[in-house]
Amino acid sequence: MDNKQAKIYSVELGGAGAELDLHGLRVFEAEEKIESFLFACQKQKTDVAKIIYGVGTGALERGVVDYLKNHPLVDGLVLHSGYCIVLF
């Protein structure tokens, strides 16, 4: 297991790392929070972070994933039910 995989695994298990919880937000509200969060992660030189959007109807998940897939600071995503791991 390389270093990045170890960091992803740690974040998946709830270990130390940047985390953003978007429960209860609408997509446009979540996008504002995500933008600030991503720039804060960049400033702190974070390699991986967790964004929680919950399960619900799936609208927030679709909006968040689409936004992240097209964001220039995001190198990749690991998708899970209710959350994703963001790779920088």
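Predicted model: local features only at pLDDT ≥ 70, side-chain atom pairs only at ≥ 80, totals over all residues.
Is leucine 68 buried or exposed? Leucine 68 counts as buried, because its relative accessibility is 0%. I'll come back to that residue in a minute.

Okay, the overall layout. The chain has three helices and four strands. Reading from the N terminus, the order is α-β-α-β-α-β-β. If you put a box around the C-alpha atoms along the principal axes, you get roughly 35 × 25 × 20 Å. The radius of gyration is 12 Å, which agrees with the value near 12 Å for a compact globule of 88 residues.

How much of the chain is buried? Of the 88 residues, 40% count as buried. The accessible surface is about 5,300 Å², and carbon and sulfur atoms make up 51% of that. Now think about who touches whom. Take the contacts with a separation of 6 or more: 66% of them are between residues 24 or more positions apart. As for charge, there are 9 positive and 12 negative charges, and their mean positions sit 3 Å apart.

Now helix 3, which covers residues 59-69. Its buried residues are Leu60, Gly63, Val64, Val65 and Leu68. What do they pack against? The partners are helix 2, at 27-43, plus strand 2, strand 3 at 76-80 and strand 4 at 83-87.

So, back to leucine 68, which sits in that helix 3. Leaving out residues up to four places away in sequence, leucine 68 touches Ile34, Leu38, Ile51, Val74, Leu77, Cys84 and Val86. Leu38 is on that list, and leucine 38 is 30 residues from leucine 68 in sequence, with 9.5 Å between their C-alpha atoms.

Leucine 60 is in helix 3 as well. Leucine 60 counts as buried because its relative accessibility is 12%, and the cut-off for buried is under 20%. Setting aside neighbours within four places in sequence, leucine 60 is in contact with Leu22, Leu25, Arg26, Val27, Ala30 and Tyr53. Another pair to look at is leucine 60 and glutamate 31: they are 29 residues apart along the chain, and their C-alpha atoms are separated by 9.9 Å.

Alanine 30 is in helix 2, and alanine 30 counts as buried because its relative accessibility is 0%. Apart from residues up to four places away, alanine 30 touches Leu22, Leu25, Leu60 and Val64. Leu60 and Val64 are both among the buried residues of helix 3. Alanine 30 and tyrosine 67 are 37 residues apart in sequence, and C-alpha to C-alpha they are 9.7 Å apart.

Lysine 50 lies in strand 2, residues 48-52. Which side chain of opposite charge is nearest to lysine 50? That would be glutamate 19, at 4.4 Å. Lysine 50 is buried yet has no salt bridge, because a salt bridge here needs a side-chain nitrogen within 4 Å of a carboxyl oxygen. Glu19 still shows up among the contacts of lysine 50.

Next, lysine 45, which lies in the loop between helix 2 and strand 2. Lysine 45 counts as exposed because its relative accessible area is 70%. The thing to check in your viewer is the backbone: lysine 45 has a positive phi of about 60°, although it is not a glycine.

And where is lysine 4? Lysine 4 lies in helix 1, residues 3-12. With a relative accessible area of 34%, lysine 4 is partly exposed. Not counting residues up to four places away in sequence, lysine 4 touches Asp47 and Phe88. Lysine 4 and aspartate 47 are 43 residues apart along the chain, and their C-alpha atoms are separated by 7.6 Å.

One is helix 3, with its buried residues packing against helix 2 and strands 2, 3 and 4. Another is lysine 50, buried and without a salt bridge.

Methods
Residues numbered from 1 in each chain as written. Heavy atoms only, no water. Helix = DSSP H or I, 4+ residues; strand = E, 2+ residues; numbered from the N terminus. Buried < 20%, exposed > 50% of the residue type's maximum accessible area, 1.4 Å probe, protein only. Lys, Arg positive; Asp, Glu negative; His and termini not counted. Contact = heavy atoms within 4.5 Å. Rg over C-alpha atoms; globule rule 2.2 N^0.38 Å. Areas by Shrake-Rupley, 256 points an atom, 1.4 Å probe, with all protein chains shown as cover. Charge placed at Lys NZ, Arg CZ, Asp CG, Glu CD.
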